[in-house]
Amino acid sequence: MVTFLPVRPGRLADVPSFDRAIGGAESNVACALAAFGHPARWVSRVGADGFGDHLVERIAAYGVDVSAVRRDPERPTGIYFRTAGDRGTGAHEVAYYRSGSAASAMSARNVDLAAARAGRVLHLSGITAALSRRCRELMRELTAPRPGRPLVSFDVNHRPGLWRDTAGSGVLLELARGADIVFVGEDEAEQTWGVAGGPAAVRELLPEPAVLVVKEGARGATVFERGHHDHVAVAVPALTVDVVATTGAGDAFAAGFLSATLRGLPVRDRLRHGHLFAAAALTAPGDLAAPPARGQADRLAALDDHAWGTLRLGPGWTQAEQAEEEANTP
């Protein structure tokens, strides 16, 4: 969908104008992975309109394969507006205009399922399930167990404003139980399913996924991996970051973790790459930020625990090392 970002803080009623950007959890992940050097494909539906043109062109510019994106001549591209404030505050406002959109009409009959299943990892989001009954049927089809299914990654991404009924918590739990890798925030699990008691309690609710990533905000994240003694979970503290905007950080974290998974890195480094990708998003405005260069990310992920714990990242940190290297190049 197209995102409209306010030019200054304030209520939506008071903001005079907005800047246009691309938005969407799955496309954010695809763009970050492609920018980091992974082949990535985005499978979706957008309207046969100018906003659809903008999305397809901008996402393709990141190196994402958009050949499986279908254009809907009868339904518009979805859009949303948000305030500049942190999503976690009471002052944050979001106005979704996605009912009747091209994406809300996705189904197992009009989406290229072969293209969706062709990669090593298929990343899905609970946001799609909230759009319509047909979208929920598509998600159930993609998470159903079948021979040759790719590794299914699912970010719960509970957005109460998108659910028009009370079925959301049950649907999200069902989809999470059918996935191989699940991302969920500790506070999100409590809001969605009433689970309190920390990451271990979330794992008790979700024993099925081979990999469960519980994000704990500024404290860090914990991974439970089947076959690696779930009771000895791996936890990595978050980095100290000078935050510019929080929107998109969860998608960036998922992209970093999946990137390291595709590269076969150990669990600790998967979490650290997730934190580094999230730090890139947190220190830039908008929903989508370019990740650090691969060499920079690998170097930082390899720091000892003390150096990792004292690392502080601010705006422009992903470009600083590249600029220094260019300055020192004869």
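Q: Which strands does helix α9 lie across?
A: Helices and strands are DSSP runs numbered from the N terminus (helices: H or I, at least four residues; strands: E, at least two). Helix α9, residues 249–262, lies across β7, β8, β9, β10 and β11. Here, β9 covers residues 181–185. This is a predicted model: local features need pLDDT of at least 70, side-chain atom pairs count only at pLDDT 80 or more, and totals for chains, interfaces and linings use all residues. Residues are numbered from 1 along each chain as its sequence is written, and side-chain values use heavy atoms, without hydrogens and water.

Q: At what angle does α9 run to β9?
A: Axes are lines fitted to C-alpha atoms, for helices over the stretch in contact (heavy atoms within 4.5 Å). Angles run from 0 to 180 degrees between N-to-C directions. Helix α9 runs at about 150° to β9.

Q: What is the order of the strands in the open sheet?
A: Strands of a sheet pair through backbone hydrogen bonds, either parallel or antiparallel. Here a pair needs at least two DSSP bridges. The open sheet has 6 strands, in the order β7-β8-β9-β10-β11-β12, and its pairing is mixed. On average, neighbouring strands are turned by 15° against each other, direction ignored.

Q: Which strands does helix α5 touch?
A: Helix α5, residues 133–143, packs on this sheet and touches β7 and β8 (151–155). The direction of α5 makes about 150° with that of β7.

Q: In which sense do β10 and β11 pair?
A: Strand β10 (211–215) and strand β11 (220–225) are antiparallel, with 5 bridges. Find L212 in the model: F224 in β11 stands opposite.
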